[in-house]
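Subject: Structure handover

Hi,

Here is the structure for you to look at. My notes on it follow below.

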Amino acid sequence: MAGLAASFGSGAMTNSIAELEDSDCIFIIGSNTTSSHPLVATRIFRAKQKGARLIVADPRRIQLATMADVHVRHNLGTDVALLNGMMHVILKEGWHNQGFIDERTEGFEDLKKVLDAYTPEKAAEITGVSADDIIKMAEYYAKAKAGSIVYCMGITQHTTGVDNVKTLANLSMITGHIGRESTGVNPLRGQNNVQGACDMGGLPNVYPAYLAVTDPNNQKKFESAWNAKLSDKVGLTVSEMMSGLSHGQLKALYILGENPMVSDPDTAHVEKALKAAELLVVQDIFLTPTAQLAHVVLPGASFAEKDGTFSNTERRVMRVRKAIDPVGNARPDWEIIKEISNRFGYPMEYETPEEIMKEISSVTPSYGGITYQRLEGEGLQWPCPTTDHPGTRFLHKDKFVRGKGLFYAIEFKPPAEVVDEEFPFWFTTGRVFAHYHTGTMTRNCPTLDSEIHEGFLEVNPGDAEGLGLRHGDAVSVSSRRGQMTAKTMVTDRVDKGVVFMPFHFIESSANVLTNTALDPVCKIPELKVCAVKLEKVA
Amino acid sequence: MDYRTVLTTCTHCGCGCNFYLEVLDGRVIGTIPCKTSPINEGKLCIKGWNVHEFIQSKKRLTQPLLRKNGELTEVSWDEALDFTARRLKEIKDAHGADSLAFLTSARVTNEENYLFQKFCRAAIGTNNVDHCARL
Ligand code: SF4
């Protein structure tokens, strides 16, 4: 998110999901779309049917790879080298869009200098992808009329996550594949309302609508809207909160509907942090492993038990409607927050979520024209500044949100942890089709839980043979941080030297192993890459 | 017999498909995909088809819990809310606003996210608010 916002001025998906089907070249990198975003994948299938070319870059042979025009399995954590290699080719062959670069961007000369060294041969050496494939990828994408990039957490969950995203933005700008119908850069949001949580200021550095907390004008605006004295100091990120608790500067944590005991890297560290809290409040619908550590647990209502809105990955604000009363004595989360605020001494008087939305649209420029009445039907895509504005299908038409698009000259940096003799396998994590994030909800759907019931480790047939592992065998996986046991799944979805495990399952929680090294800018932990060793359990 | 369908938005991924929850005598029994949705056009994935199953799961939390003598014990809402507000205040008074932190959620509504960060910023007085979706 931080990466795209820096390049373009907005971190959101540039186009709408439906527009993808009219793209004539879709480059999918770090997204197992058919598993994580099935209804986005549908549009990719349709685009393919209409004759689009598909480029897939993924260490695993994911389902989309089977229908790709070119699929490459680059070494884990080498995205920047791969993309720089493509851009080197594009410039050398003259496939770039000089008119677009001159008119709409800045910083191109510095990028050009860096790209000079990334010949396809050099990129091939770093990434393990053949120079021919790199040239083919460059040609397909650059020569398209409407090229789209689709990416997900496979790109962002690295210590170089921000670099990866900025490099994708570079690629789209040198070819001018941005700011038009079906043409752009599309981060797919993992959880359902991530977009909304960010839009609403659920971030330590910004108020609603991404207004920086460090800007005195914003501070003044919200101080008068909220009738309170506000802090101009940027707050802590999730990972900093965990270390703050461990080290004692942070005393209390109030968690709403999240399960860091399963979703965070390095579970042992998280458990220690949560246990160190003087006060841990957890508000959730199930007694999650995180809730089990709390001092107080507040039962919230599920999405079926309350009114409100969600904002999906394409910036579309849509209604959530109450179908049943909350189960037992559970209460909608907004009501619980309001009650606590009133008791704390900061009065809140909302009677309905609609009243809260009225306040949101009065302080959030991009939501300015959003009312419940207008959301009937298809919802509205922000920016929607006024009540007669129809909403925005794609961003950066004629002009970037930040004015000119900004190129960043970025060099490849190897991942924080690399394989060695003791830990010779690359370990990577992801989702499987039937589950969602930490499984709090999906694992309580009997139909879904019976589809895929336990965690497993994907191992290449060649490696399995070398280790004497057969399908279904128990295998011990250890990293520098922890050890766990899982069942072996022998499959050529993964390459030799790489193993994969989904992170939804608490029993064999993959995050026991993963690395908490952080991206220096946006503080996303390196969940996607670490080094492990495997041993057959006798 | 009371049967109704309620149009809403899926909570299982960022696509945001629309469907109708089917409610029979107060129980959610199924989902019907919305044909006019610009996102899913009458389709759903396996997660959307089964989304109703967790809603009234027997494992749902139905009563506030407070840790007493080491055990999480069922208490009234008043007791749980008073405890939470009082402890937040005590900690703020003793160690300052920046000694508290808040994790908001990609699973709750916009309105709830807004309210939670407003509580954190305006009532507590800190910008220590983040969500787990960086992960
Ligand atoms: S139905 Fe499937 S694709 Fe649609 S929002 Fe739900 S989980 Fe996502």
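Salt bridges come first. A:E21, A:D22, A:R43, A:R46, A:K50 and B:E41 are linked in a network of salt bridges. Please keep in mind that this is a predicted model. Over all chains, the count comes to 38 salt bridges.

A:E21 counts as buried, at 11% relative accessibility. A:R46 is partly exposed, with 23%.

Two further pairs in chain A:

- A:R73 and A:D495 meet in a salt bridge at 3.8 Å, N to O. They are 422 residues apart, with A:R73 in the loop between β3 (70-72) and α4 (79-93) and A:D495 in the loop between β19 (483-490) and β20 (498-502). A:R73 is buried at 18% relative accessibility. A:D495 is partly exposed at 30%.
- A:D473 and A:K536 meet at 3.6 Å, N to O, again as a salt bridge. A:D473 lies in the loop between α20 (461-467) and β18 (474-478), and A:K536 in strand β21 (residues 530-536), so this pair ties together parts that are 63 residues apart in sequence. A:D473 is buried at 17% relative accessibility. A:K536 is partly exposed at 45%.

Now the ligand. Which chains do the residues around the ligand come from? They come from chains A and B, so the site is shared between chains. Chain A gives A:P38 and A:L39. Chain B gives B:C10, B:H12, B:C13, B:C15, B:G16, B:C17, B:L44, B:C45, B:K47 and B:G48. Two helices, α3 (38-49) of chain A and α1 (46-49) of chain B, each supply at least two residues of this shell. By type, the shell divides into eight nonpolar, three polar and one charged.

Chain B has two domains, domain 1 (3-53) and domain 2 (65-134). Their C-alpha centres lie 31 Å apart. B:Y3 lies in strand β1 (residues 3-9) of chain B. At 40% relative accessibility, B:Y3 counts as partly exposed.

Some backbone points to check in your viewer:

- The peptide bond from A:W382 to A:P383 is cis, with omega near 0°. A:P383 is in the loop between β14 (380-381) and β15 (405-406) of chain A.
- A:R315 has a positive phi, near 70°, though not a glycine. A:R315 sits in the loop between β12 (308-311) and β13 (316-320) of chain A. With a relative accessible area of 0%, A:R315 is buried.
- B:D25, also not a glycine, has a positive phi near 45°. B:D25 is in the loop between β2 (18-24) and β3 (27-33) of chain B.
- A:G248 follows α13 of chain A and has a positive phi, near 90°. Within that helix (residues 238-247), A:V238, A:S239, A:M241, A:M242, A:G244 and A:L245 are buried.

Last, A:S231. This residue is in the loop between α12 (216-226) and α13 of chain A. A:S231 is buried, at 16% relative accessible area. A:T214 is 17 residues from A:S231 in sequence and 8.5 Å away in space, C-alpha to C-alpha.

Best wishes

Key:
Residues numbered from 1 in each chain as written. Chains lettered and ligands numbered in written order. Predicted model: local features only at pLDDT ≥ 70, side-chain atom pairs only at ≥ 80, totals over all residues. Heavy atoms only, no water. Helix = DSSP H or I, 4+ residues; strand = E, 2+ residues; numbered from the N terminus. Buried < 20%, exposed > 50% of the residue type's maximum accessible area, 1.4 Å probe, protein only. Domains from an automatic or database assignment. Near = heavy atom within 4 Å. Nonpolar A, V, L, I, M, F, W, Y, C, P; charged D, E, K, R; others polar. Salt bridge = Lys/Arg side-chain N within 4 Å of Asp/Glu carboxyl O.
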